[in-house]
Amino acid sequence: MAEQRNPAYDMFAADMASRGLGIELVEAGDGAAVARMPVTEAMLNGHAIAHGGFVFLLADTAFALACNSRGPVTVAAGGEITFVRPARAGDLLTARATERTRYGRSGIYDVTVTRDDGEVVAEFRGRSRTPASPPST
């Protein structure tokens with residue numbers, strides 16, 4: 001994916017939640033996206049592994065970037081995640097989102113989250129919807 005300015009970059013610039021957690025937009029375009037997030041001590045649960053909510057948030061961010069990379073504004077209609085392996089403080093997680101299909105105003109996207117050693121941490125599937133009119137702010 002060659003880096004090019006598209007609606008996903010503008011959406012990410014306004015995404016205070018993702019950026020506040022240290023998520024970085026690596027690239028987005030043509031229905032795909034890559035985002036990274038370092039796992040910090042503040043993201044650990046009682047088992048000293050990354051809380052699933054943070055892993056989900058990273059996957060959801062990559063999903064949002066992929067489905068908004070072409071425009072128009074698209075939102076999540078649903079998503080589910082399967083946790084495969086734990087992540088720990090100091091790990092760098094990478095989420096790679098890929099469009100599987102678009103039909104009408106809907107789409108399906110798969111996201112794989114890996115640790116910096118290449119091991120899969122989670123698999124996410126998101127369903128998108130392009131509203132008839134953009135959501136109000």
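S69 sits in the loop between α3 (52–67) and β3 (75–83). Helices here are DSSP runs of H or I with at least four residues, strands are runs of E with at least two, and both are numbered from the N terminus. This is a predicted model: local features need pLDDT of at least 70, side-chain atom pairs count only at pLDDT 80 or more, and totals for chains, interfaces and linings use all residues. Residues are numbered from 1 along each chain as its sequence is written, and side-chain values use heavy atoms, with hydrogens and water left out.

**Around S69**

- S69 is buried, with a relative accessible area of 5%. Buried means under 20% relative accessible area, exposed means over 50%, and partly exposed lies in between (1.4 Å probe, protein chains only).
- A polar atom of the S69 side chain lies 2.9 Å from the backbone nitrogen of G31.
- Leaving aside neighbours within four places in sequence, S69 contacts N6, P7, A8, A28, G29, D30, G31 and A32. Contact means heavy atoms within 4.5 Å.

- Strand β1 (residues 24–29) runs antiparallel to β2, joined by 5 bridges. Two strands pair if DSSP finds at least two bridges between them.
- E27 stands opposite V34 in β2.
- The hairpin of β1 and β2 has 2 residues between the strands. In its turn, D30 has a positive phi of about 55°.
- In strand β2 (residues 32–38), 5 of the 7 residues are buried, so the strand is largely enclosed by the rest of the structure.

- R36 has T94 in β4 as its bridge partner.
- β4 and β5 run antiparallel, with 9 bridges. T101 has I108 in β5 as its bridge partner.
- The hairpin of β4 and β5 has 2 residues between the strands, and G104 in the turn has a positive phi of about 60°.
- Strand β5 (residues 106–114) has 7 of its 9 residues buried, so it is largely enclosed by the rest of the structure.
- β5 is joined to β6 by 9 bridges, again antiparallel. Y109 stands opposite G126 in β6.
- The hairpin of β5 and β6 has 5 residues between the strands, and G118 there takes a positive phi near 90°.

**Around V120**

- V120 lies in strand β6 (residues 120–129). V120 is partly exposed, at 23% relative accessibility.
- Beyond neighbours within four places in sequence, V120 contacts V84, R85, T112, V113 and T114.
- V120 and A95 are 25 residues apart in sequence, and their C-alpha atoms are 9.8 Å apart.

**The whole chain**

- The chain has 3 helices and 6 strands. Its radius of gyration is 14 Å, close to the 14 Å that the globule rule gives for 137 residues, so it is as compact as a globular protein of that length. The radius is taken over C-alpha atoms, and the rule is 2.2 Å times the number of residues to the power 0.38.
- Along the sequence, the pattern is α-α-β-β-α-β-β-β-β.
- Buried residues make up 38% of the 137 residues.
- Among contacts between residues at least 6 apart in sequence, 61% join residues at least 24 apart.

**From the record**

- An unreviewed UniProt entry lists residues 49–122 as "domain: Thioesterase". Such annotations may be inferred rather than shown by experiment.
- Over residues 49–122, the chain is 22% helix and 45% strand.

Notes. A polar contact is a pair of N or O atoms within 3.5 Å; within protein, one must be able to donate a hydrogen and the other to accept it, and residues adjacent in sequence count only if both atoms are side-chain atoms.
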